[in-house]
Amino acid sequence: MYRIRFHGRGGQGMKTASRILGSAFFEAGYEVQDAPRYGAERRGAPIFAYVRAAREPINERGIIQHPDLVIVADDTLVPVPASGVLAGVSACTVLLINSTEAADVWQHRLNISGPIITLPVAAEVEDRADLPYIGATCAGAAAQLIGVIPQQALIHAIETELGGLGSAVVERNLENALAAYELVAPHHGLASEGAAPHAQDYERPDWADLPLETARISAPTIYAAANSIEVRTGLWRTLRPVIDYSRCNRCWWVCSTFCPDGAIAVSADGQPQIDYDHCKGCMVCVAQCPPHAIAAIPEHQAQAEESQLAGTTGDPP
Amino acid sequence: MTDTTTRFRRMKDLPSTHLLGTGTPMCAGCGGLEALHEIYDVLGEKTVFVNAAGCMTLLSVYPFTPFRGSWLYTAMASAPAGAQGIRDALDILREKKGLPPEEDLEVVVLTGDGAAYGMGLSATSGAMERDLDFIYICYDNEGYGNTGQQYSGATPHAARTATSKGAHGFAGYKKDLFSIWAAHRPAYVATVIGSEPLDLARKIETARSLKGPRMIISLAPCPTGWDYDPRDSVDIGKLAVKTGVWPLKEYRDGRVLHTKVPHERLPVEEYLKKQGRFAHLFEPERDETLLDELQAKVDVYWSSVELQGG
Amino acid sequence: MSRTLLTGNGAAAWGARLAHADYIPAFPITPQTEIIETLAQWIDTGQMDSRLVTLESEHSMITAAGGAAATGVRVFSATSSQGLLYAMEMLYTVAGWRTPFVLVNVSRGLSAPITLEADHNDVMAARDCGFLQLHCATCQEVLDNTLIAYRLAEDERVRLPVIVNLDGFYLSFTREPVIIPDPQETTAFVGPFNPASIHFRASAPESQAVAVLGGAPYSYFRYELHLAAQNALSVYDEIRAEFRETFGRDYPAVDAYHAEDAELVFVMLGSFATKARAAVDQLREAGWSIGLVQPHLLRPFPEPLLQQLLAGKRGVAVIDQNLSMGKGGVLHTELAAALYGHPDAPPVLASFIGGLGGRDITAEEFFEIARVLRDAVSAGRAPLPRLLYTRDELLEIRKLQAVAHVERKELGKTT
Ligand SMILES: Cc1ncc(C[n+]2csc(CCOP(=O)(O)OP(=O)(O)O)c2C)c(N)n1
Ligand code: SF4
Ligand SMILES: [Mg+2]
């Protein structure tokens, strides 16, 4: 059975990617399962979708723990543990990253032994939350890496899944998907089918007996106050607002009031400060700042500049 | 009618640091969250929020909460009844068990429009009828947002939602919850919006100064459900007011007062065309009939306001 | 202490009064209404220091009850049938909050067709929600169990809401002699409510009943609720012993009447169990070796005690006053699960459905059940489940159907 996971951000079309690949497999005569991870999907927040395909009926269900192929639409997610990109990745897993950096840079950075392939797609796109056609692109590359999906099946799958959006959209998606299909042709069939879990030689689940605990502990109650700040929603951001303090006229803190998340505080002398750990990158402040003192910078660019400054290798802030 | 003694006389009086914690899972650019954090700055932490099912239920997901005060999630239909239980219990504790006044809390119901205009309306009506001392905040994103923006009793005419995708959008009309609430003669009813923070702060302060049911509806521009770029959230909110689509008003002592009258109203389509949910009114061609109808509705509203002298 | 004539509803109201319930969210429904009317009157005349608020539905009533209990006051409420089901979403919800309070349910059959009379389908529908359940057979039990229920609910080893169940009409509107215990003794027995960590206070913020993401934390919270409910079994025994010492009346988790030496046993819940008790007396007189096992606690399910009491019996007849559509009697099903594979489990476990919608069960029917059970034991196999329903009753419905203009030809075929 093939087990494939797509990682991206809300808005990047990972569900579409999984559906295109699912349909293409189906077209090629496979039994298929495709699904998005269900939850509160937020634009920019890490999400994933997955596909299973086999010649036999599929009885496995749910999230894929041990993927044969992992496709990452947005390389800024790779080092973020909360995005789960590397969960269950072993030496047998093929990792395909949409990135302008070379595969060996990633190999070194992540220190993993399995094959890594990079796909430099749409690097020029400013806001990665709406990388156009990235879903179809990922699906196209995946189809080639798997190697059992004829090009015609891929084309047909894209037409089926995106037909409702009009022929222009289908055309552009086909173009991008087929370009990716060609681009990774040297790695044709690199991803192979993983084995079924072994019933004889397996890692035993370490079941625990739940102790009875008092309701104070075991009721779904939070006794802490405002501890949501421990959640770093800053990693949803694909654009970064940056204040040019020479232009900020210390108004009545427009940016701070309008920031939906309250992620901009104003110091005693009237200077606003953006909390990048939590700013989700909605750009409301950029739109509202009266003297236009806030600029929107692509997040991956800002991170690259930061890491150059810090002389490190691009770990997230 | 808003208090002249308000501490919010000009923009600079608005708080510049904020009480509600960051790190919540609301969408980037959520107009509801914007209103809530502005409201929370005024209400403060001596509050217990009683929530009904909706997007904001995810504000507190174990083990994280953005609140400095308390919170109770109930169900979709009965948050006002939860508020009743808590308010009554706090009163009993104060009267019978010597709970010191400084331990008391303002009880605040927080629900979406789906709960407020529909499933929870009977519980809200009951709470007002019993003259419950509470504040109700409805963030109105004009649909069942948390389940993917199906139409609700608050969805405006012609809007496209997940359950009204036809050529003309939603066939029904937005319910007038302000009037329904006001008909109960509660202590206070007001409409607010996050993009008008001064008006909002004054009204929340007024609500705080009163006793009894104090009912707030905040229009909540929703990038996800209304289909626009999150950066436009505040602009769309301002347009809702400038076009007259969202009248800012308050009800007190049997009278309705408009707190921000858009004297030179912009055409309604300025508001509509910024949102994907109304795109079918402009593409592939302009739907003049519907656009005229939507403009006429707003015109009729404001001419009746002028007739009544504001 | 005084002995007086009280209805079941009156006894429930006395229970709430003696327990000093601070707060009573209410909503009227037959046959429960008398409880809240009684309490309202006591409050109005100053005989009871409490606050009663009528909500606009039972869904809201249970929400308010949970909200008040979560704030730290002692709460009482009451409902019945449609009301219990209307509140169903909130029954699960407030149990999940781990709020302790007492809800009296006056059992009444469920719609459709709508009826006012008693059976247990309402309370059985609430079986899995996390409320503990005490089932009463007499008006005295209603009063006593309400007191016990507060102790059980508020015990920090449990901390769950409790339903005290009584049958509509057969108890709710029926007067019997009831001992109203001395208020000083009841006050001492129930004690003040110590809310400990349950509160909303300015100085100690709490976010209660929050959402979870993912199955693992969800499983933890739900299973802990289950463990707390199970733990209530031993806590109940402690409270029951204390009650017995103070008031001289005893309510074991499962009551056994002539069961120890019996070969055959009836199993029944609620007020009709006293009818079974009378039948046992008559049958014993006629030379039968028969007894009655009457669970008093349904949640937590007193499994070990039931296994022990039924061990070695030759035949057991479970008489369910409820019906799980497409399956049968709920108590029968639960008992079968409890006995399966147990050494000495009775070889015959027969199922009878009776008393639906207040339909009486006559003494003769109990005798007949005993006979059927004995025959089944000799034959070595359980009989098919039987609805207690006579040919006369069938004729009666035929007459009604004729008036209702059901096709006569159709009727001819089935009679
Ligand atoms: C009894 C019940 N029915 C349905 C739901 C599913 N549900 C959860 S949130 C929601 C939408 C609520 O809409 P609204 O009140 O407008 O809040 P929003 O999601 O827009 O924030 C629905 C229908 C529920 N939680 N409870
Ligand atoms: S769906 Fe709309 S209302 Fe809900 S969190 Fe997102 S932006 Fe806010
Ligand atoms: Mg809504």
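Modeller: Happy to! The domain bounds I use come from an automatic or database domain assignment. With these bounds, chain A splits into domain 1 (2-197) and domain 2 (229-313), and their C-alpha centres are 32 Å apart. Please keep in mind that this is a predicted model, in which local features need pLDDT of at least 70 and side-chain atom pairs count only at pLDDT 80 or more, while totals for chains, interfaces and linings use all residues. Residues are numbered from 1 along each chain as its sequence is written, chains are lettered from A and ligands numbered from 1 in the order in which they are written, and side-chain values use heavy atoms, with hydrogens and water left out.

Let's start where chain A meets chain B. In contact (heavy atoms within 4.5 Å) are 42 residues of chain A and 41 residues of chain B. The size of an interface is often given as the accessible area lost when the parts come together. Buried area here is the accessible area, taken with a 1.4 Å probe, that two parts lose on being put together, summed over both. For chain A and chain B this is about 3400 Å², with 59% from carbon and sulfur atoms. A salt bridge needs a side-chain nitrogen of Lys or Arg within 4 Å of a carboxyl oxygen of Asp or Glu, and between chain A and chain B there are zero.

Polar contacts are pairs of N or O atoms within 3.5 Å; within protein, one must be able to donate a hydrogen and the other to accept it, and residues adjacent in sequence count only if both atoms are side-chain atoms. Chain A and chain B have 20 residue pairs of this kind, both residues at pLDDT 80 or more. On the chain A side, two or more residues come from each of α7 (254-258), β8 (264-266) and α8 (284-288), where helices (H or I, at least four residues) and strands (E, at least two) are DSSP runs numbered from the N terminus. The biggest contributor is α8(A), with four residues. This side of chain A holds 26 nonpolar, nine polar and seven charged residues, where nonpolar means Ala, Val, Leu, Ile, Met, Phe, Trp, Tyr, Cys and Pro, charged means Asp, Glu, Lys and Arg, and polar means the others, Gly among them.

Now for the meeting of chain C and chain B. Here 37 residues of chain C touch 42 residues of chain B, burying about 3000 Å², 63% of it on carbon and sulfur atoms. Seven salt bridges cross between chain C and chain B, including the one from C:Asp49 to B:Lys96 at 3.8 Å, N to O. Polar contacts link 18 residue pairs, both at pLDDT 80 or more. The chain C side draws two or more residues from each of β3 (51-54), α3 (58-71), α5 (88-97) and β9 (207-208). Of these, α3(C) gives the largest share, seven residues. Sorted by class, this side of chain C has 18 nonpolar, 12 polar and seven charged residues. There is also strand pairing, for which DSSP must find at least two bridges: β2 (residues 70-73) of chain B and β9(C) run parallel and share two bridges. In that pairing, B:Trp71 has C:Ser207 as its bridge partner.
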